[in-house]
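Dear colleague,

I am handing over the structure we spoke of, and my notes on it follow below. Please read them with the model open beside you.

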Amino acid sequence: MELRPRRTIGRFPGWLQRLVAIGSLPSDSDETRLQKSVLVLSAVTMAGLASIWVVTYAALGLWGSAAIPFVYQAASAASLAGFARTRRLVLFRRSQLLMSLVFPFLLQLSLGGFENGSAVCLWGLTSPLGALLFAGARQSIPWFAGFAALVGVSAAVDSAIAASAPDVPQGVVIAFFALNLLGVGGT
């Protein structure tokens with residue numbers, strides 16, 4: 001009896017199968033098709049999760065902070081639409097890695113630093129990890145260097161921006177610390 005690996009994509013609902021296959025070409029290898037599918041699924045999941053931040057910060061009246069994950073969602077949707085049209089994996093991958101690196105740091109800065117922002121910059125770690133998964137170890141090094149540089153800049157300005165941090169209820173800060181840790185770990 002021959003053992004064959006199961007294709008888990010067949011277990012997804014039809015709409016999800018169509019979504020994750022948007023950038024696939026008939027000529028793609030199974031590995032390339034899987035990479036494209038996982039990257040699409042990752043982008044959609046992260047953009048969907050960003051709704052929690054948009055809604056929460058908007059409800060608190062922190063419109064600037066709410067706008068940052070909203071712009072991330074819109075840019076991610078545009079990136080997905082472009083990928084569906086062009087099927088250019090490298091461009092799609094780079095745009096997703098860049099957005100997942102930069103936007104969390106922008107949000108953290110808008111919230112007044114590490115503590116008040118619940119270390120939302122942890123989401124930036126998905127960029128070098130994504131590069132490692134989708135492009136290989138050599139390609140992940142510059143993305144990690146970018147992450148490390150942004151952490152360093154954030155640390156350098158933290159005390160200055162914390163002084164003018166917006167008022168975020170302590171319960172929200174703690175809940176988002178947990179969400180950031182679990183979300184990045186889960187992703």
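Lysine 36 counts as buried because its relative accessibility is 2%, where buried means under 20% relative accessible area, exposed over 50% and partly exposed in between, with a 1.4 Å probe and protein chains only. Its side chain meets that of aspartate 28 in a salt bridge, at 2.8 Å from N to O, the term standing for a side-chain nitrogen of Lys or Arg within 4 Å of a carboxyl oxygen of Asp or Glu. Aspartate 28 also counts as buried, because its relative accessibility is 14%.

Before going on, please note that this is a predicted model, in which local features need pLDDT of at least 70 and side-chain atom pairs count only at pLDDT 80 or more, while totals for chains, interfaces and linings use all residues. Residues are numbered from 1 along each chain as its sequence is written, and side-chain values use heavy atoms, with hydrogens and water left out.

The search of the whole structure finds 2 salt bridges. Arginine 33 forms one with aspartate 30, with the closest N and O atoms 3.4 Å apart, and these two residues lie 3 residues apart in helix H2, about one turn of the helix. Arginine 33 is partly exposed at 27% relative accessibility, and aspartate 30 is partly exposed at 49%.

As for the overall fold, the protein chain has 7 helices and 0 strands, helices (H or I, at least four residues) and strands (E, at least two) being DSSP runs numbered from the N terminus. Buried residues make up 39% of the 187 residues in the chain.

The structure holds 1 cavity of 30 Å³ or more, a cavity being a set of points on a 1 Å grid over the protein atoms alone where a 1.4 Å probe fits but cannot get out, and lining residues having an atom within 4 Å of a point. The volume of the largest cavity is about 220 Å³, which is the space filled by probe spheres set on the points, these being joined across faces, edges and corners. Of its 14 lining residues, Ala50, Pro69, Tyr72, Pro104 and Trp123 are the closest to its centre. Helix H2 (30–59), helix H3 (63–86) and H4 each give two or more residues to this lining, with the largest share, 5 residues, coming from H4.

With best regards

How values were computed: On a 1 Å grid over the protein atoms alone, a cavity is a set of points where a 1.4 Å probe fits but cannot get out, and a pocket is an open set with protein on both sides within 12 Å along at least five of seven lines; lining residues have an atom within 4 Å of a point.
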